[in-house]
Structure formats: C-alpha cells, structure tokens
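Open the model in your viewer and keep the sequence panel beside it. The tour below says what to select at each stop and what is there.

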Amino acid sequence: HDDPTVIRMLEDLSGIDPKTIPKDDPEVMKLFKGTESLGVTEEQIMCKTGTLGIPEFGTRFVRQMLEDTEPSTFSELVQISGLSHGTDVWLNNANELIANGTCELKDVIGCRDDIMVYLIHKGLEASLAFKIMEFVRKGKGLQDEWIEEMKNHGVPDWYIESCKKIKYMFPKAHAAAYVLMAVRIAYFKVHYPALFYAAYFTVRADDFDIDIMTRGSSAIRAKIEDILAKGLDASPKEKSLLTVLELALEMCERGLSFQKVDL
C-alpha cells in the first residue's frame, strides 16, 4: 500500500480514460505474435505468444490460432475473434484454406457480416446477399440457384464450399467489442504489468497454490510440467490451476513476485 512505484503508477492512471487507450499500440500488437514486448522469451514463459490472461486470446485454442495466423492489425484480431466463436468456421474450414495458401486471414469468412458485404461488393443484389448471409450463419447452407448466382458474379469455388461447411457465425460488432476490450487490457499488461497481474489474480483467478507461487519461477515451472505430464488424467482443479500458474510464471519472469498472504 505504500510502495512508491505502485503509488506512481496509480497517479499515472488516475487521468486515463479507457476510450483514449490506443487501438494500434505497436508493443501491444506484438503480444499477439510473440513475447518480445513482455521482455521475456517464449522458453521463459512456456508460451509462444504474450496473450496469457488476455480475455478471448489467452486460451490454448485461440493461442494456436494466433500462432497459425500471426495477426498484426486490429481488423485481423476481429477476424480471429469471429473465427474462434463460430462453429465449423475455423477448424476444417478457414484454417485449411490459410494453411494450403488458397487465401490469407483477411480473405476468409470470419464474421457473418463479411458474407453480405463481400457478396454485395461482388455485385449480388443486396437483399439476396443478406438472405445468403442469414442462411449460412444459421448453418442452413446454400440453395442451388444462389450458388449459380454467386458463380455468375465471380465468387470463387473455395468461398462457396466454405459457406456450405459453416454451422454458426459470430456478428462482427460483437467480435469488435471483444477485441476492443482485449486490446485495452493488453495495454496495461505491456505498460503497467504490476497493476495488470494484481487485477488478474484478484478478479479472474480462482485456483491458487500460494506455496509454489511464492517460491518463484523454478517451482512454478516444475508444477506446470507436472500437470502437463498427466495429460488427460489431470483433474479439473489441476487444469484450472494450470491457467493460473502459467500467468504466475510469466509474472515472475518479468521481475515481479508473490508474497505470502498477510492476514
């Protein structure tokens, strides 16, 4: 409560309006591709991105998406948010199109709105473009006459096949709101790490092993490896603890540390 560094940080923050946090801070954007802006290596934190603890981008599933796509812009993060919340939008669909070089991240269908906007751009009548979007995003596929109309307007076969696979799609406004929140929180992770970790461990973390966490990086890393070695046999509590320990390891590698609970 009387640490001068923390007091100085809080004074700096007192005038910050969340709406003024930049959406394109270069150091923040680096988080989604690597660990450089955290001042650590991926080996140190056992993670290839810097998004541990960032809402929507901290899970293993989405971190793998980040590794596969290496996003560098806000709009690409919106694409990933849409892809990660859809059903049969990423796996066995967009991920394969990107992997085999058919198209890039910016070109795949990420959010439901993308379909209507793209088809209107291709020259389809607006109401038909809307109807196709509505059918695809609900998993109802495409009617034969729509496919013919899409082909007549130069819509590529890969795009049509992608539409057929989709079962559910996220709205772009929802994805944009999620990314906006994530980027704002990531700003604090990069520039105000002590406050970010204090907030995370106060608000978000449910399972703790305070004895291990106070012993520093080597003890935390050993516990992480122990849980990972159990694979599917790890208990639900251990899996929940793993998420907390990953961020605890990162925090310690960035030069911060835990103290014992002081009643």
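A pocket, as the word is used here, is an open set of grid points with protein on both sides within 12 Å along at least five of seven lines. Its volume is the space filled by probe spheres set on those points. Rolling a probe the size of a water molecule over the atoms shows where empty space is left. The model on your screen is a predicted one.

**Stop 1**

Begin with the second largest pocket, which has a volume of about 380 Å³. Select Gly58, Thr59, Tyr200, Thr243 and Glu246: of the 21 residues in the lining, these are the closest to the centre of the pocket. Now colour the lining by residue class. Nine of the lining residues are nonpolar, five are polar and seven are charged.

Which helices each supply at least two residues of this lining? They are α4 and α15, the latter running over residues 236–253. The largest share comes from α15, with seven residues.

**Stop 2: helix α15**

Select α15 on its own. The helix has 18 residues and reaches 26 Å from its first C-alpha to its last, close to the 26 Å expected at 1.5 Å a residue. Its buried residues include Glu238, Leu241, Leu242, Val244 and Leu245. Further along, Glu246, Glu250 and Cys252 are also among the buried residues of α15.

What do the buried residues of α15 pack against? Show α3, α4, α11 (172–191), α12 (193–203), α13 (210–214) and α14 (217–230), and you have the helices in question. Just after α15, select Gly255, which takes a positive phi of about 95°.

**Stop 3**

Side chains of opposite charge can pair when their charged atoms come close. A search of the whole structure finds 16 salt bridges.

Select Lys189 and Glu250, whose side chains meet in a salt bridge at 2.8 Å, N to O. Lys189 lies in helix α11 and Glu250 in helix α15, so the pair ties together parts that are 61 residues apart in sequence. Are the two partners buried or exposed? Lys189 counts as buried because its relative accessibility is 0%, and Glu250 is buried with a relative accessible area of 0%.

Next select Glu253 and Arg221, which form a salt bridge of 3.4 Å, N to O. This pair links distant parts of the chain, with Glu253 in helix α15 and Arg221 in helix α14, 32 residues apart. Arg221 counts as partly exposed, at 22% relative accessibility.

**Stop 4: Thr51**

Go to Thr51, in the loop between α3 (42–45) and α4 (60–69). Buried means under 20% relative accessible area. Thr51 has 0% relative accessibility, so Thr51 counts as buried. Leaving aside its neighbours within four places in sequence, Thr51 is in contact with Leu31, Phe32, Phe57, Gly58, Arg63, Leu66 and Lys189.

**Stop 5: other charged groups**

Select Lys106 and Asp107. Their side chains meet in a salt bridge of 3.1 Å, N to O. Lys106 counts as exposed, at 55% relative accessibility, whereas Asp107 is partly exposed, with a relative accessible area of 33%.

Then select Glu27, Lys30 and Glu36, which are linked in a network of salt bridges. While you are in this part of the sequence, select Pro26, in helix α2 (residues 26–30). Pro26 counts as exposed, with a relative accessibility of 57%. Draw a distance from Pro26 to Gly50: the two are 24 residues apart in sequence and 13 Å apart in space, C-alpha to C-alpha.

**Stop 6: two positive phi angles**

Most residues other than glycine have a negative phi. Which values do the last two residues take? Glu70 has a phi near 50°, and Asp88 has a phi near 60°.

Glu70 sits in the loop between α4 and α5 (74–85) and is exposed, with a relative accessible area of 53%. Asp88 sits in the loop between α5 and α6 (90–99) and is partly exposed, with a relative accessible area of 34%.

Definitions and conventions
Residues numbered from 1 in each chain as written. Predicted model: local features only at pLDDT ≥ 70, side-chain atom pairs only at ≥ 80, totals over all residues. Heavy atoms only, no water. Helix = DSSP H or I, 4+ residues; strand = E, 2+ residues; numbered from the N terminus. Buried < 20%, exposed > 50% of the residue type's maximum accessible area, 1.4 Å probe, protein only. Contact = heavy atoms within 4.5 Å. 1 Å grid on protein atoms, 1.4 Å probe; cavity = no way out; pocket = protein on both sides within 12 Å on 5 of 7 lines; lining within 4 Å. Nonpolar A, V, L, I, M, F, W, Y, C, P; charged D, E, K, R; others polar. Expected span 1.5 Å × (residues − 1). Salt bridge = Lys/Arg side-chain N within 4 Å of Asp/Glu carboxyl O.
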